[in-house]
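Subject: Structure for your reading

Dear colleague,

Please find below the structure that I am handing over to you. My notes on what was found in it follow directly after.

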Amino acid sequence: MTLESILPKPNILDAKRVLCIQPHYDDNDIAVAGTLALLRKRNAELFYLTTTDDLMGVVEHSLSDREAAQALQRDQFAAGEIIGVKEQFWLGYPDAGEYDYFALRRDFLKYIRLLQPDYVFTPDAWLTYEAHRDHIQTGLAAAEAVMFAGLTKIPSSDPAVDAAYKDHEIQGVAFYYTREPNQIMDISETWEQKIAAVRCYEAQFRPEEMDQLVEALDAKAQQAAMGESFARGEPLKVLHPSALHCGF
């Protein structure tokens, strides 16, 4: 008997309702738009939840914060249309700024209990040499929120959501931006969709920077697919929620 036979790796392709929790407005699509577009083709519902306001990275410095926020949201909606995102949510924490980890976790608990996803996607908080605290806090708080979703004694940021919540099963959590993948998703059929979505993010990338990003993503996708039977892949660390505590 093996641990895998007792607690098998969840099958991402079974996902029906997916909450994608990202630190910045473009992370879901840069990292896993190919996989998410594939899931949408299989009729999964996709929801994006963004931690920060993203204002630090806007390249046009003449914009007011209000104008920059409008540009960011314009990009997100355009990319979401391409991938098939059902709804977008924003928390508005300061980009690369100071904010409370436990407040963030409470907000994530709110949306998990409200939307009741069967899968949650988020950055790998344990990525070697990850220096961006927004990524670390988002990934860790999302993992904890997955683990604690059914424990309503641990409050979310909305008591009404907690009171109405009926326990549901989260089948798996999928970490992207990971160096320890246990699954490479074949995104050959959705590669063009991914790149079209990524190219929508104009507020934080100048044209030459966008071309460089697309080139890097192509190289990474081909590297991920080396040894596989397909041309381009996206690496994921897919775990059952029980694996998020004490190695089980």
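I begin with Pro10, which has a relative accessible area of 8% and is therefore buried, since residues under 20% count as such. Please keep in mind throughout that this is a predicted model. Pro10 sits in the loop between α1 (3–6) and β1. Leaving aside neighbours within four places in sequence, Pro10 is in contact with Tyr119, Gln171, Gly172, Gln183, Val238, Leu239 and His240. Between Pro10 and Asp124 there are 17 Å, C-alpha to C-alpha, and the two are 114 residues apart in sequence.

Gln22 belongs to strand β1 (residues 17–22). With a relative accessible area of 0%, Gln22 is buried. A polar atom of the Gln22 side chain lies 3.4 Å from the backbone oxygen of His24, and a polar atom of that side chain lies 3.2 Å from the backbone oxygen of Tyr25. Beyond its neighbours within four places in sequence, Gln22 is in contact with several residues, including Asp27, Tyr48, Gln76, Thr138 and Tyr176.

Ser62 is located in the loop between β2 (45–52) and α3 (65–83). Is Ser62 buried or exposed? Its relative accessibility is 60%, so Ser62 counts as exposed, the cut-off being over 50%. The side chains of Ser62 and Glu60 are joined by a polar contact of 2.7 Å. Ser62 and Thr178 are 35 Å apart in space, C-alpha to C-alpha, and 116 residues apart in sequence.

In soluble globular proteins, nonpolar side chains tend to be buried together. Here, the largest nonpolar core has 45 residues, and those with the most contacts inside it are Ile12, Val18, Leu36, Leu39, Ile83, Phe121 and Leu236. Helix α2 provides the largest share of this core, eight residues. Not counting residues up to four places away in sequence, Ile12 touches Thr35, Leu39, Tyr119, Phe121, Ala174, Gln183, Met185 and Val238. There is also a second, separate core of 30 residues, and among its members are Phe89, Tyr93, Ala141 and Leu244.

The last topic is the pockets. Rolling a probe the size of a water molecule over the atoms shows where empty space is left.

The largest pocket holds about 690 Å³ of space. Its lining is made of 28 residues, and Ile30, Ala31, Tyr177, Leu217 and Lys220 lie nearest its centre. Two or more lining residues come from each of α2 (27–41), α7 (191–198), α8 (207–224) and β7 (233–239). Which element gives the largest share of this lining? It is α8, with seven residues. By class, the lining of the largest pocket comprises 15 nonpolar, seven polar and six charged residues.

The second largest pocket holds about 230 Å³ of space. It is lined by 16 residues, and those closest to its centre are Asp124, Trp126, Phe175, Lys237 and Leu239. At least two lining residues come from each of α5 (133–148) and β7, and α5 gives the most, with four residues. By class, this lining has nine nonpolar, two polar and five charged residues.

Yours sincerely

Conventions:
Residues are numbered from 1 along each chain as its sequence is written. This is a predicted model: local features need pLDDT of at least 70, side-chain atom pairs count only at pLDDT 80 or more; totals for chains, interfaces and linings use all residues. Side-chain values use heavy atoms; hydrogens and water are left out. On a 1 Å grid over the protein atoms alone, a cavity is a set of points where a 1.4 Å probe fits but cannot get out, and a pocket is an open set with protein on both sides within 12 Å along at least five of seven lines; lining residues have an atom within 4 Å of a point. Grid points are joined across faces, edges and corners, and a volume is the space filled by probe spheres set on the points. Ala, Val, Leu, Ile, Met, Phe, Trp, Tyr, Cys and Pro count as nonpolar, Asp, Glu, Lys and Arg as charged, and the others, Gly among them, as polar. A nonpolar core is a set of buried Ala, Val, Leu, Ile, Met, Phe, Trp, Tyr and Cys residues joined through side-chain atoms within 4.5 Å. Buried means under 20% relative accessible area, exposed over 50%, partly exposed in between (1.4 Å probe, protein chains only). Contact means heavy atoms within 4.5 Å. A polar contact is a pair of N or O atoms within 3.5 Å; within protein, one must be able to donate a hydrogen and the other to accept it, and residues adjacent in sequence count only if both atoms are side-chain atoms.
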